[in-house]
Amino acid sequence: MYSNQEFSRRFRIALAELAKTPQLLGFDNGVHEDRGGGLRLSGIGDCARRQYFKVVLADTFAAVEAEADGATYWAPWMGYAGQAIVAAVLTQMGYGIGAGEEQVVYGGIPGHIDGLMQGLDLGWKSVWDNKVRGPYMYRQLATIGLPQADPQMYYQMQGYMGGTGSNLAIITIVPHDFSENRNQIERYIKEEPRPDPLVTRLVVKRDMIAQKRLQERGAMLRIAIANRQLVAREFDPEKDRFPCPYCEFLKICTLRGQTDDFVVPPVIWNEDLDVT
């Protein structure tokens with residue numbers, strides 16, 4: 001399999017080739033809309049109480065979103081556009097990208113994959129997912145990797161692999177702002193080789209321990225939601241700097257306080273698994 005340096009070198013060449021034959025790259029926002037108010041594979045590794053509130057307070061949450069400022073949609077739409085661009089570059093490189101936005105189900109929890117990827121250095125079909133990230137998270141993913149940098153993303157990929165029967169997930173990470181990302185990498189990362197500020201590829205292997213826990217979390221959350229049983233916090237909104245300050249349910253979670261009546265199994269993974 002290509003090293004990250006070799007992958008990014010080929011990515012840059014393909015991007016330059018693509019630019020010589022200008023084409024309109026679009027995305028169908030319809031496939032990203034209205035995926036239901038239930039649990040999703042993309043969030044199963046997220047805070048259990050946040051997932052509970054998202055479902056139980058779905059009507060209220062939808063009303064808040066409907067009245068939201070247009071800026072709310074900038075980040076996800078940048079993600080959709082980035083996905084379309086990266087898919088075109090990967091195809092130019094020689095990879096095959098198929099099954100885009102196909103729904104998969106694992107442990108009774110649905111999700112939508114960006115696609116299945118094969119060809120070149122991949123000997124079999126792998127789940128493909130693209131992420132557009134800011135400088136800090138880009139550096140974390142490029143240097144620390146998964147699952148440590150983002151357990152939620154790791155669980156999302158485990159669900160997608162389980163739902164497709166794949167043994168590998170390939171994640172392409174691209175920046176919101178290339179220039180700023182390059183400056184931040186040069187400033188904060190001194191060891192060579194530095195990550196390419198244009199693209200980083202993460203390779204995630206199937207983790208049976210994480211997949212089993214994913215199913216357990218999903219089962220427990222479904223029981224809690226069905227019985228309207230408030231689940232225990234996995235973070236402390238009065239102490240933790242992340243992710244609580246960025247949660248849309250911060251106020252109600254703080255008011256409801258902690259409870260030990262319904263504890264969802266925490267996120268775990270196979271620490272012996274060789275994840276590149």
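Analyst: Pro-193 lies in the loop that runs between helix H7 (178–188) and strand S7 (200–205), where helices (H or I, at least four residues) and strands (E, at least two) are DSSP runs numbered from the N terminus. The model is predicted, so that local features need pLDDT of at least 70 and side-chain atom pairs count only at pLDDT 80 or more, while totals for chains, interfaces and linings use all residues. Residues are numbered from 1 along each chain as its sequence is written, and side-chain values use heavy atoms, with hydrogens and water left out.

Another cis peptide bond joins Phe-242 to Pro-243, with omega at about 5 degrees, and Pro-243 belongs to the loop between helix H8 (208–226) and helix H9 (250–256). The loop between H8 and H9 also holds Arg-228, which has a positive phi of about 50 degrees although it is not a glycine. Elsewhere, Leu-120, in the loop between strand S4 (115–119) and strand S5 (122–133), likewise has a positive phi of about 50 degrees without being a glycine. Leu-120 is partly exposed, at 41% relative accessible area, on a scale where buried means under 20%, exposed over 50% and partly exposed in between (1.4 Å probe, protein chains only).

As for the cysteines, a search of the whole structure finds zero disulfides, a disulfide being a pair of cysteine sulfur atoms within 2.5 Å. For Cys-244, the nearest cysteine sulfur is that of Cys-253, 6.5 Å away, and Cys-244 is buried, with a relative accessible area of 11%. Cys-253 is also in no disulfide, its nearest cysteine sulfur being that of Cys-47 at 6.4 Å, and Cys-253 counts as buried at 12% relative accessibility.

H8 also packs against helix H6 (residues 151–164): their axes come within 9 Å and cross at roughly 95 degrees, the axes being lines fitted to C-alpha atoms over the stretch in contact, with angles from 0 to 180 degrees between N-to-C directions. That makes H6 roughly perpendicular to H8, a label for angles of 65 to 115 degrees. Residues of H6 including Tyr-154, Tyr-155 and Met-161 meet a set in H8 that includes Ala-210, Leu-214 and Arg-217, contact meaning heavy atoms within 4.5 Å.

How values were computed: Parallel < 35°, antiparallel > 145°, perpendicular 65-115°, else oblique.
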